[in-house]
Amino acid sequence: MVSAIQQKMKDSFVENVNEEYLTDCMRCGFCLSACPTYLATNNDETHSPRGRIALMKAMRDGDVVWDGSVEDSFDMCLGCRACEPACPAGVQYGALIEETRIAIQQVKPKKFVEKTARKAAFDGIFADQKKMAGTVKLIQFYQKSGLQKATRKIGFLDLFPPFMKEMEGVLPAVEKKKKREKKRGNPSKTATTKVAFFTGCLMDTLFQETNRKTIEMLEWLGAEVTIPKEQQCCGALHGHSGELDKGVRNAKANIDAFDSDDYDYIVNNAGGCGAFLSEYEKHLQADSEYAEKAARFSRKMTDISSLFVKLGLNARLKELESEEAGIVTYQDSCHLRNVNKVFLEPRSLLEDAPGFEYKELIDAESCCGSAGIYNLLQPEMARRILDSKMKGVKELQPAKVVTSNPGCLMQMQVGIQREGLEKEMQAVHIVDFLHEAIHKKQKQG
Amino acid sequence: MELEATKPFLSIVGEANTKHSQAQLLAYSYDATANFQAKPDLVLSPSSTEEIADIVKLCEKSQIPIISRGSGTNLAAGTVPTQGGVVILFNNMKKILELDEENLTVTVQPGVITQDLCLFVEKHGLFYPPDPSSMKISTIGGNVSENSGGLRGLKYGVTKDYVKAMTVVMPNGEIMKLGGKLAKDVAGYDLLSLMVGAEGTLGIITEITLKLIPLPAIKKTGIAYFNSLEDAAKTVSAIIANKIIPVTLEFMDKGTIHAVEDFMSIGLPRDAEAMLLMEQDGTEEQVARDIQTMIGIAEQQGATSAILATSEKQAEELKTGRRVALSALSRKRPTTILEDATVPRSQIATMVKAIQEIAAKYNVQINTFGHAGDGNLHPTCLTDARDKEEMERVEHALDEIFHTAIELGGTITGEHGVGEMKSPYLEWKLGTAGIDLMKHIKQAVDPLNIMNPGKVFAKETKKRLVVHSG
């Protein structure tokens with residue numbers, strides 16, 4: 001018996017999920033060993049890319065009807081897209097899972113709690129930089145007022161899933177507003193490279209210090225940095241959660257904000273944002289007004305490590321000397337690696353950083369379980385994936401675990417705390433790590 | 001399967017090792033074969049030979065089909081549960097049990113991933129040569145049941161050449177041990193060989209002891225490009241005639257080169273009509289000599305370029321390129337139908353030419369790659385299963401390829417197995433007497449036909465083509 005909602009869901013899959021993309025998959029299974037959820041479930045095909053693609057097709061063809069088990073398979077996907085570089089057939093899995101989430105979102109009313117959370121996040125905080133800034137003020141107040149300590153004590157956060165509580169524990173201390181805004185865009189007179197900085201909503205608020213250091217580093221390397229004022233959240237979280245239309249709305253705002261011939265590059269320092277920003281072109285290719293502008297935007301987009309390498313940071317790092325500081329390792333940002341194919345550049349910078357010995361983390365290319373807001377929505381699976389990630393970290397005993405994305409950064413820090421290793425090691429953003437490497441030396445010299 | 005009927009199975013393996021939701025049954029309804037799909041009734045992950053024996057006894061009692069499944073990379077629909085039933089997984093049986101360095105054997109559970117095993121024994125200076133292209137994800141159990149080949153088959157043979165012993169659960173639930181860590185053993189019929197490549201139709205293999213050999217000191221890889229498929233094929237024959245047995249002698253045609261380059265961007269020349277990948281291992285002196293000789297032969301046969309790979313990294317990239325050829329080709333059209341026709345290696349040039357002519361005759365797109373050195377080609381038909389008219393032409397073309405291979409003294413499948421896909425053609429190769437003997441064996445071992453029913457044996461043999469090619 002097919003219920004009305006099941007029929008609607010089938011129709012929604014037919015309407016939203018591209019059949020041609022589905023038939024690109026020939027089911028060879030080469031993606032399986034790249035999929036974190038397949039591995040974390042002891043090789044459950046239901047939680048593999050091949051299985052999910054088969055389910056999408058089965059939904060379209062009516063070979064399955066919508067039920068909890070089907071929903072669970074799609075919900076469990078991290079969206080890390082590690083299956084894409086592993087796929088010889090070139091299946092566009094990222095597009096397929098996005099389309100699947102649109103198909104589901106259009107039919108299935110989300111649960112109240114999740115709906116409220118999503119509404120607040122997507123329509124409010126992440127859509128509007130000012131609101132985000134307001135939220136941060138609250139966090140700041142919360143941290144400075146001692147309320148943080150108090151709520152931790154009285155267990156206010158026990159009301160939330162345990163993982164959220166752990167995330168709360170690793171929120172960075174927010175810089176004061178004046179300090180935050182001080183360093184913005186000091187045009188250098190001799191600059192030959194002109195860079196527009198995509199600040200990112202989370203990076204510009206919770207990780208303001210990292211953004212300040214990003215600008216300082218770029219200027220130190222001789223670039224002129226501009227921060228276009230009208231920029232918005234990149235829209236990635238919307239896109240990954242079945243609300244692509246809202247993501248595209250933000251995309252257009254950003255394209256307008258950055259539409260200037262004055263910039264050689266548009267740089268971001270968050271892997272998750274970077275991938276979506278570089279895909280504006282794809283999302284707007286059919287839009288007569290924005291297609292060309294979007295292509296120009298995406299072409300100029302670069303991540304901070306690649307730009308550092310281009311601006312000659314490696315050579316500058318090699319000139320520096322420092323005392324031995326232990327092992328540094330790197331946890332890939334999935335989207336920086338799998339979508340933008342950037343993984344050599346950050347490693348090369350870490351290899352050249354003075355004092356540290358770079359060692360590769362086991363399965364560094366595999367997701368840490370953060371995956372946007374996945375660790376909030378699927379805490380159990382996220383925890384399993386993080387636990388297996390931490391096994392490699394414990395084996396390596398690094399002093400620093402460097403990441404390229406705020407989500408990964410917080411997730412790795414949660415992992416470190418959970419293992420009780422916060423005295424021995426620290427998760428840091430690559431910009432903060434490099435800034436410290438240089439700063440330390442300058443102090444000494 | 002009704003909930004009530006699943007209960008006895010649940011009590012054997014436990015709820016956590018049982019899959020029966022709609023999504024789970026769908027996820028185990030296919031393998032890597034185009035156009036075959038059917039849901040099982042239940043999916044079980046037993047943890048021991050004894051649990052498997054209990055499951056088999058239950059299935060025997062109620063005559064429920066049993067399908068053993070590794071990672072589902074089969075290319076002949078061998079693991080598609082086309083008659084429903086219980087799918088047995090080996091994800092709880094993936095331990096390497098023992099490395100015996102005195103007897104040079106390794107004993108494993110069936111769920112061990114082929115590549116993991118290779119890397120494990122190489123750490124101990126030992127070598128397990130069979131390397132099917134799917135080795136990164138395929139399981140040893142699947143390899144043994146399919147008697148898988150691979151890129152190194154030319155010099156080192158295939159899976160059957162390395163199976164020394166096994167434990168099998170027979171269709172009546174009895175546990176049988178075959179073979180041993182012996183160099184010689186002629187006690188009775190070679191039942192071990194019967195089980196290798198039986199595609200799960202005679203029993204369930206639950207433990208395997210494999211032969212290992214010392215890891216060769218070094219290996220080197222050469223690469224040659226050609227302006228014509230025939231020149232490449234002639235090079236293969238000339239190398240063998242020159243008494244060189246390389247580890248690998250792999251072939252890719254132009255379409256395959258393009259597809260691989262699209263995926264990997266490793267600098268393969270898009271104007272080449274064909275390429276050969278030549279690898280030799282052994283002592284430094286012998287490897288250098290053989291590779292130079294092979295490069296010389298390729299040049300004599302008209303190669304536009306024949307060189308040594310510049311680094312181990314490049315050699316690995318080239319081999320990976322060859323391994324992903326099939327999947328990479330599938331980016332060209334919605335449906336990819338792969339064949340596995342094999343001929344005596346002296347006939348490789350004739351076969352390559354025949355495939356080209358057949359493709360032209362039926363106006364279908366066929367790209368060919370494969371293990372040229374052992375005559376095992378993979379003509380791959382790129383098509384669209386939704387186009388009935390085109391599919392008919394594809395079928396005729398494939399029929400004719402099988403026919404031609406047999407005419408040339410070859411076979412319908414060199415390493416992928418018969419499964420359900422090629423079962424209608426099996427009699428072409430074996431003849432009535434051969435099929436009858438196989439049926440008698442099957443009847444004696446599995447009288448209720450519960451072990452992977454519908455595979456290997458066809459309901460009806462396809463009518464043999466009467467073709468006058470040329």
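## A tour of domains, helices and the chain interface

What you have open is a predicted model, in which local features need pLDDT of at least 70 and side-chain atom pairs count only at pLDDT 80 or more, while totals for chains, interfaces and linings use all residues. Residues are numbered from 1 along each chain as its sequence is written, and chains are lettered from A and ligands numbered from 1 in the order in which they are written.

Where domain 1 of chain A meets domain 3 of chain A, each gives six residues to the contact (C-beta atoms, placed from the backbone, within 7 Å).

Next, select 49-61 and 68-75 of chain A, which are helices H4 and H5. Helices (H or I, at least four residues) are DSSP runs numbered from the N terminus. H4(A) and H5(A) pack at about 135°, with axes 10 Å apart; axes are lines fitted to C-alpha atoms over the stretch in contact, and angles run from 0 to 180 degrees between N-to-C directions. That angle makes the pair oblique, the class left over once under 35 degrees is roughly parallel, over 145 roughly antiparallel and 65 to 115 roughly perpendicular.

Show side chains for A:Gly51, A:Arg52, A:Leu55 and A:Met59 of H4(A), which meet A:Val70, A:Ser73 and A:Phe74 of H5(A). By class, that is four nonpolar, two polar and one charged.

Now bring up both chains. Chain B and chain A each put 27 residues into their contact. On the chain B side, select helix H2 (22-27) and helix H12 (325-329), the elements giving two or more residues. H2(B) gives the most, with five. The chain B side divides into 13 nonpolar, eleven polar and three charged residues.

Last stop: B:Ala241, in helix H8 (229-241) of chain B. Is B:Ala241 buried or exposed? It is exposed, because 11 other C-beta atoms lie within 10 Å; 12 or fewer counts as exposed, 20 or more as buried, and in between as partly exposed, with C-beta atoms placed from the backbone. Draw a distance to B:Ser346, 105 residues apart along the chain: the C-alpha atoms are separated by 8.9 Å.

Key. Two residues are in contact if their C-beta atoms, placed from the backbone, lie within 7 Å. Ala, Val, Leu, Ile, Met, Phe, Trp, Tyr, Cys and Pro count as nonpolar, Asp, Glu, Lys and Arg as charged, and the others, Gly among them, as polar.
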